[in-house]
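Here are some notes for a colleague opening this structure for the first time. Please read them with the model on screen.

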Amino acid sequence: MATSAPINYQPLPSESKEEEKTPSISGKPGINDPILQQLPKELRRYLTFPKGNDKLHIGYETSILDRLCCLVCLPYAVCFKMVLIRQGEIGLTWHGDEPMIIGPGRHFLMSCTHSLHCVKNISDPVIVHGPLNIIRVRLGELGFGIDTEKGYPVLLTAGKHILNSPTFRFERMLDLTQRTNDLGVLKLIRVETGFVGYAYKRGELVILQPGLHLIVPPDRFGSILSTQQQTLTLPEGVHESADYVPLKIRADVFYRIVNPKKALTNIKNVHNQIQETAVSTLAGIIRSSTLNEIANSSKVTYHKRKPEEKEEEGPSAPPFFKHVHDQFMENLHDHMLEDWGIELHNIRIESLKINDPRLAKDISMQAVAVSQQEAKYRMLQRQAEVIQVEANNKKTQRLKEMEATAQITRSKADADAAAQLRATEARNLIIRSTAAAEAHATYVKAQAEARAMVEKAKAESEAKVLAGEGEQKYAGMLAQNPLGAELARLKVQASIMEGVNQVAYIPHLPDILKSTTFTTPLKDPLGKN
């Protein structure tokens, strides 16, 4: 039967003196812990890091007095003081008023004042034995305890911590994913994106942006508000219209807090204020409108849009819903945004109906009759559309046929014109060729005639010259002979009388001719005046 060998055990000294000096983050082994990098600076002074010289002393040693007591109480010790500690476990014992730890093995507690308290798994994250605390903090966690002497919180970083202090009390492991963690009188607030927190520091309202924040008394933490779009379901209410028709309405309001400080300053309870205002506004809209006005209302703009913004097109709502929606947005949007810092995005009317069953039945019967008339009208309208479509189809078909015929005619005319053009061009070519040939022949003929005329003129000229020379010689010869002169005179007279059929004798003609002076001299055939 194996027994554990005695080990010199010295109680761990109190760490109260060391805790008075709170370490800083710089140069410490936990600097790489992502949690420490996010902690507020005010909280870092309370951090405690594992110490490299912390060792857990397991075992005990018996004094002479203990051994004497064991001899006296040997039967009791043998029967009742044997303790078996398995591997992976430790035993927590009390030796009088002193806490002790024993390791795996079989142990005989020889002292009458030495007793086993409990057995713990050595891998337990928290082991508390009197003033002795063994705490294992995983990466990403923080252990939280309180120094009861000073009232300060103690934050344990990742690692194994062995604290032997009667003034230290371990509380719990902190879950930093929670929105709030109480560190005694301190509060650690976690604000995520899409939310803001608010607190009162020195009596002034302070908005806490996303991150980790520490609230130290006398400052007071308020709550966390969402800056995302939120939906508020309004209680179902019955309101009378201007013509005393009871209407039951159920709606949802969509809003977003854009200025938390203005909202918290001007409104005590945002949720209740929006709900009460929305209900009263809906009641006022219904009381100021008749069924006919609501059904035939046109759209109303509720705030100024930027020039570049375009209205989103969506499915059309019934006239009742559309009217109530537009009036509600017009009445509340700008008021809530400017005075409360809350942007009203939309109101969704889930139901809006007449609360009087008899009136609702009458209106429903009228609606059925109207729907039947509308169905009949739509059917006639569709028939008219079908007839119109058929007429348009026939018209289109006729137009196509006419266009095809016209196209054929145009094609034939174009072909005839092209053929005629080609024939005309051929005729013109022939005419041009004939004209050119005739012109050339005329030119050649003209040249020949011109040459002939020149030759003829030359010949006539030469003939005249020769005739003149002959006559000159003949005249000369006649002048030398009187008979020749008389013969020449007779020739002249014969040439004068040529072509005369009758001759009148005028006895005094010779005397007249002698006494008359002629302005134009008569030429003698011989060329003499």
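How far does the backbone oxygen of Gln273 lie from a polar atom of the side chain of Thr277? The distance is 2.7 Å. The points below start from there.

1. Basis. This is a predicted model, in which local features need pLDDT of at least 70, side-chain atom pairs count only at pLDDT 80 or more, and totals for chains, interfaces and linings use all residues. Residues are numbered from 1 along each chain as its sequence is written, and side-chain values use heavy atoms, with hydrogens and water left out.

2. Thr277. This residue lies in helix H7, residues 270-287. (Helices are DSSP runs of H or I with at least four residues, strands are runs of E with at least two, and both are numbered from the N terminus.) Thr277 is buried, at a relative accessible area of 15%. (Buried means under 20% relative accessible area, exposed over 50%, and partly exposed in between, using a 1.4 Å probe and protein chains only.) Not counting residues up to four places away in sequence, Thr277 touches Leu332 and Trp340. (Contact means heavy atoms within 4.5 Å.) Leu332 is 55 residues from Thr277 in sequence, yet 8.6 Å from Thr277 in space, C-alpha to C-alpha.

3. Tyr46. Look in the loop between helix H3 (41-44) and strand S1 (47-48). Tyr46 counts as buried, at 13% relative accessibility. Leaving aside neighbours within four places in sequence, Tyr46 is in contact with Tyr152, Pro153, Val154, Leu155 and Leu186. Leu156 is 110 residues from Tyr46 in sequence and 8.7 Å from Tyr46 in space, C-alpha to C-alpha. The side chains of Tyr46 and Arg45 make a polar contact at 2.5 Å. (A polar contact is a pair of N or O atoms within 3.5 Å; within protein, one must be able to donate a hydrogen and the other to accept it, and residues adjacent in sequence count only if both atoms are side-chain atoms.)

4. Sheet S7-S8-S11. These three strands form an open sheet in that order, with antiparallel pairing. (Two strands pair if DSSP finds at least two bridges between them.) Strands S7 (126-129) and S11 (159-164) stand at the edges with a single partner strand each, so one side of each has no neighbour in the sheet. S7 and S8 (residues 132-137) pair over four bridges. Val126 has Ile135 in S8 as its bridge partner.

5. Sheet S4-S3-S6. Here too, three strands make an open sheet, in the order S4-S3-S6, and the pairing is antiparallel. The edge strands are S4 (98-102) and S6 (114-121), each pairing on one side only. Seven bridges join S3 (residues 89-95) to S6. Trp94 stands opposite Ser115 in S6.

6. Cavities. How many cavities of 30 Å³ or more does the structure hold? There are two cavities of that volume. (On a 1 Å grid over the protein atoms alone, a cavity is a set of points where a 1.4 Å probe fits but cannot get out; lining residues have an atom within 4 Å of a point.) The largest cavity has a volume of about 50 Å³. Its lining includes Leu234, His239, Arg250 and Leu282. Strand S20 (237-240), strand S21 (246-257) and H7 each supply at least two lining residues. S21 gives the most, with three residues.

Conventions: 1 Å grid on protein atoms, 1.4 Å probe; cavity = no way out; pocket = protein on both sides within 12 Å on 5 of 7 lines; lining within 4 Å. Points joined across faces, edges and corners; volume = space filled by probe spheres on them.
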